[in-house]
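These are my notebook entries on one structure. I record what I looked up, topic by topic.

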Amino acid sequence: MIQSVTAQKLRMSDPNDPRDGEGDAGVVLQTKPKTKRPPLYKVLLLNDDYTPMEFVVHVLERFFGMTHAQAFEVMLTVHKKGVAVVGVFSHEIAETKVGQVMDFARRHQHPLQCTMEKE
Ligand code: TYC
């Protein structure tokens, strides 16, 4: 992994101290080990005309850990607006959630669609 070069002040003397006329003499470039946070992915639930509302509520409770009240609220948002973010996860977890929802919907013969996109 390439580490970015970051300007870091190694304070050999105070650059603001008028007694030393050195200015930036103590500024050097140093490589700083960077730990990069993994990208996050939004999981989206899409509206359709056929999937029963209760089924969507059940999906949100079962796969996204929502309470019944939260799930009902989010389901209504999708129903009214067409789409809603139902969770934000790592790539692997998001993929798993999408797969679980799509599989569950297909097994129950509902056209419910669930997708993911980079945040
Ligand atoms: N629009 C559906 C109906 O009227 C309900 C629904 C809500 C479907 C959310 C999908 O993601 C969805 N039965």
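This is a predicted model: local features need pLDDT of at least 70, side-chain atom pairs count only at pLDDT 80 or more; totals for chains, interfaces and linings use all residues.

**Entry 1. Terms and model**

Residues are numbered from 1 along each chain as its sequence is written, and side-chain values use heavy atoms, with hydrogens and water left out.

An N or O atom in the side chain of H79 is 2.9 Å from a nitrogen atom of the ligand. N47 places a polar side-chain atom 2.7 Å from a ligand nitrogen atom.

**Entry 2. The shell around the ligand**

Which elements give two or more residues to the shell around the ligand? I found β3 (41-46), α1 (53-64) and α2 (68-81). Helices (H or I, at least four residues) and strands (E, at least two) are DSSP runs, numbered from the N terminus. The largest share, three residues, comes from α2.

I then listed the residues that surround the ligand: L45, L46, N47, D48, T51, M53, V56, M75, V78, H79 and L112. A residue is near a molecule if one of its heavy atoms lies within 4 Å of it. By class, the shell holds seven nonpolar, three polar and one charged residues. In this scheme Ala, Val, Leu, Ile, Met, Phe, Trp, Tyr, Cys and Pro count as nonpolar, Asp, Glu, Lys and Arg as charged, and the others, Gly among them, as polar.

**Entry 3. The chain as a whole**

I looked up the secondary structure and found three helices and five strands. Along the sequence the pattern reads β-β-β-α-α-β-α-β. Of the 119 residues in the chain, 27% are buried. Buried means under 20% relative accessible area, exposed over 50%, and partly exposed in between (1.4 Å probe, protein chains only).

**Entry 4. Salt bridges**

Side chains of opposite charge can pair when their charged atoms come close. A salt bridge is a side-chain nitrogen of Lys or Arg within 4 Å of a carboxyl oxygen of Asp or Glu. How many salt bridges does this rule give? The count comes to three.

In helix α3 (residues 91-107) I found R106 and D103, three residues apart, about one turn of the helix. Their salt bridge has its closest N and O atoms 2.5 Å apart. D103 forms a salt bridge with R107 as well, with the closest N and O atoms 2.8 Å apart. Because D103 and R107 are four residues apart in helix α3, about one helical turn separates them. I recorded D103, R106 and R107 as linked in a network of salt bridges.

Is R106 buried or exposed? R106 counts as exposed because its relative accessibility is 54%. D103, at 29%, is partly exposed, and R107, at 48%, is partly exposed.

**Entry 5. Single residues**

I looked up Q109, which is found in the loop between α3 and β5. Its phi is near 60 degrees, a positive value in a residue other than glycine. Q109 has a relative accessible area of 73%, so this residue is exposed.

E73 lies in helix α2. Its relative accessibility is 58%, so E73 counts as exposed. E73 and V57 are 16 residues apart in sequence, and their C-alpha atoms are 8.7 Å apart in space.

How values were computed: A polar contact is a pair of N or O atoms within 3.5 Å; within protein, one must be able to donate a hydrogen and the other to accept it, and residues adjacent in sequence count only if both atoms are side-chain atoms.
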